[in-house]
Amino acid sequence: MRGALLRIEDLHVEVFGHQVLNGIWLNLGPGETHIIMGPNASGKTTLAMAILGHPAYKVVKGRLLFNGMDITHLSTTERVKLGIGVAFQNPPAIRGVKLGDLLAACVRLRRSDGDLGPACDLLREVGLDPRRFLNRDINVGFSGGEKRRAEIAQVLAMRPKLMILDEPDSGVDIDSLKLIGSAIRKATRELGCATLVITHYRHIVPYIRPTLVHVLYGGRIVASGRPSELLDKLEELGYSRFAELAMKEGWQA
Amino acid sequence: MKGFPKWYMRRRSVALRLLKRNKPPRHGPDLDLSAYEVALPEGARLTDLSELPGEALSTVQNVGVRPDERYRSGTYLQYDGDVVYLALSSRAEPGLVVENLLEAVRKREWLRRFWFRACPITLDKFTAFVGAYETAGAFIWCRAGTRVEEPVQACLYMGKKGTVQVPHNIIILEPGSSLHVITGCAIAPSCVRSAHVACTEIYVGRGAELTWTMIHAWRPDTHVRPRTGAIVEEGGRLMLNYVLLSPVASIQFYPTVILLGRGASVGFRNLILGLGRSIIDAGSAAILNAEGARSEIMSRALVKDEADVRLRGRLWARKPSVRGHLECRALLLGEQAKAYAYPSLQADTREAELTHEAAIGRIAEEELFYLMSRGLTQDEAVALMSKGFLDTDIPGLPPSLRAEIKEIVSATVEHAL
């Protein structure tokens, strides 16, 4: 498909010898926001890590196209330089490495002067005080909500073309959810980037207003559609029953 | 040996007799001292640090010595066996004395009470060697109540190949005084097969505060055996910061601090870069010998190439209501690199609180990948984590000195990786 920023073709991915993704197809255009929903262990994080090129996540079949270019065998560093930014679900805590160091690395991807000013604005926007957080060891002693916010601020500071947010809503309260959701929406609009949000729950959906929702089950996308078409049905049936019916009746959008 | 008092000459002959017993060190590889010629004083003097040869000048700057002497209360420069430069800044507080110890001992009879007291001459062959062959050393004395703002810098430079440099330093802080000392040990690139055997004795009086920061850059064939002992009186505070930046043939030290007065405290920060084929045996010990004494020992080693690093720490609680914490961490960066941690706690009393943590590990793949996801290359990510690992705050330093040390460590790590 022309115009897709990210095109995933029949992606099969193995993690430590287990096949987790069994043929994913996806097209994501600039300015679009897609949501990937799925239960635990359905392959959501695997998809994010495979797009970013984590060495433990091996593409055994299929390919990834970014702006029409095959990136399936590029290193993570190269993919990041092309404009792929990922907010991690479980970012590691690293002693001695400051949030400020990472923000500086993110900023340098797009600005050679490395000016941290705009990154500080982003921190404020997600509700983290730069005076308190820039000099803190990354994720060491951060609460769940602080981790999510710090992840989002870093990814926004990269000014990515493709933004992937892995469960930005897990373990956060309703206020954080609103803040995170609206920061994502605003950034998508301002940067004009394509955004892929991975989540378990529908709560964040109204704040993000996605173009499409995909339901991932057993390593495959079993249904895609507008939120209004899928979410109520999903809520009513639950993931496993939903997936069963979707596969039987072919609910692909 | 003209002009030395009798007591001093007697101690030297005692030291010579002790040396004949050849008592080996408790830790680390032994060293045959007869393979080296003692670097003797040759009478050279400088009127300004900028007169140092260009090579020496840049080398000493890398270990924190400021040739322009800005932000320094005083400067001591020992070149091989001799003190070639000694000066106090015009801004230095009047109660501060910096001299060559071997000059000081001729005119200050009372120094005999401090002679090999904090550091026993019987400890091993190296203390005996210093007692028998010392040629110079820094004598830094802060009179009662003198609070010295800017640090005193002491530099020990080795230039003559095949020699052993033998300094004996004594630092005395009288009650209520405070001082920062920064010592830089460095060696000429041409100074092959040399050794450095030193003895430092520290006396911190009641309510006095000393921070001593030592930065070292040796050659891959230099053997180093410093011996340090300290006595801290009531309410006194001592902070020892040790930084090793370059490959070395072997180094072994185990400074031991006796907290003798109530509420006395000591902190150790050891930052060690184990590079090349260095054999490094770095210990720190505190004897908590008075109620309310406190100690914290923290050692961090970044171990690369084929380096072998042993971190030792010892806290010994001998009186009630004392507290101590010991932390040894090593980060291995090479397949051939080796690290060991030997924490030791001993309590002779019920009301002592002693804790320790030791950890040896490698950089986790997940952490590396995470940093790379932010646009860093693998090398940049390893460098950032390594710098972060060694970036421990050094408490009690003036901000400018802290920034200088941080800069030195950061530049060296970047260069070494």
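How many bridges join strand β16 (residues 265–274) of chain B to β18(B)? In this predicted model, the two strands run parallel and are joined by 10 bridges, and within that pairing Asn270(B) stands opposite Ser299(B) of β18(B). Strand β18(B) is also joined by 10 bridges to strand β20 (residues 322–332) of chain B, again in a parallel arrangement, where Ser295(B) has Gly324(B) in β20(B) as its bridge partner. Because eight of the 10 residues of β18(B), which spans residues 294–303, are buried, this strand is largely enclosed by the rest of the structure.

In soluble globular proteins, nonpolar side chains tend to be buried together. Here the largest nonpolar core holds 224 residues, and those that touch the most other members include Val303(B), Leu259(B) and, from chain A, Ile152(A) and Val215(A). Strand β10 (residues 195–204) of chain B supplies the largest share of this core, namely seven residues. Leu259(B), when residues up to four places away in sequence are not counted, touches a set of residues that includes Val232(B), Val266(B), Leu288(B) and Ser295(B).

Gln252(B) counts as buried because it has 25 C-beta neighbours inside 10 Å. Apart from neighbours within four places in sequence, its contacts are Pro25(B), His27(B), Gly28(B), Arg225(B) and Asp281(B), while Arg227(B), 25 residues away in sequence, is 8.8 Å from Gln252(B) in space, C-alpha to C-alpha.

Key. Residues numbered from 1 in each chain as written. Chains lettered and ligands numbered in written order. Predicted model: local features only at pLDDT ≥ 70, side-chain atom pairs only at ≥ 80, totals over all residues. Core = buried A, V, L, I, M, F, W, Y, C linked by C-beta atoms within 7 Å. Buried ≥ 20, exposed ≤ 12 C-beta atoms within 10 Å, placed from the backbone. Helix = DSSP H or I, 4+ residues; strand = E, 2+ residues; numbered from the N terminus. Contact = placed C-beta atoms within 7 Å. Pairing = 2+ DSSP bridges.
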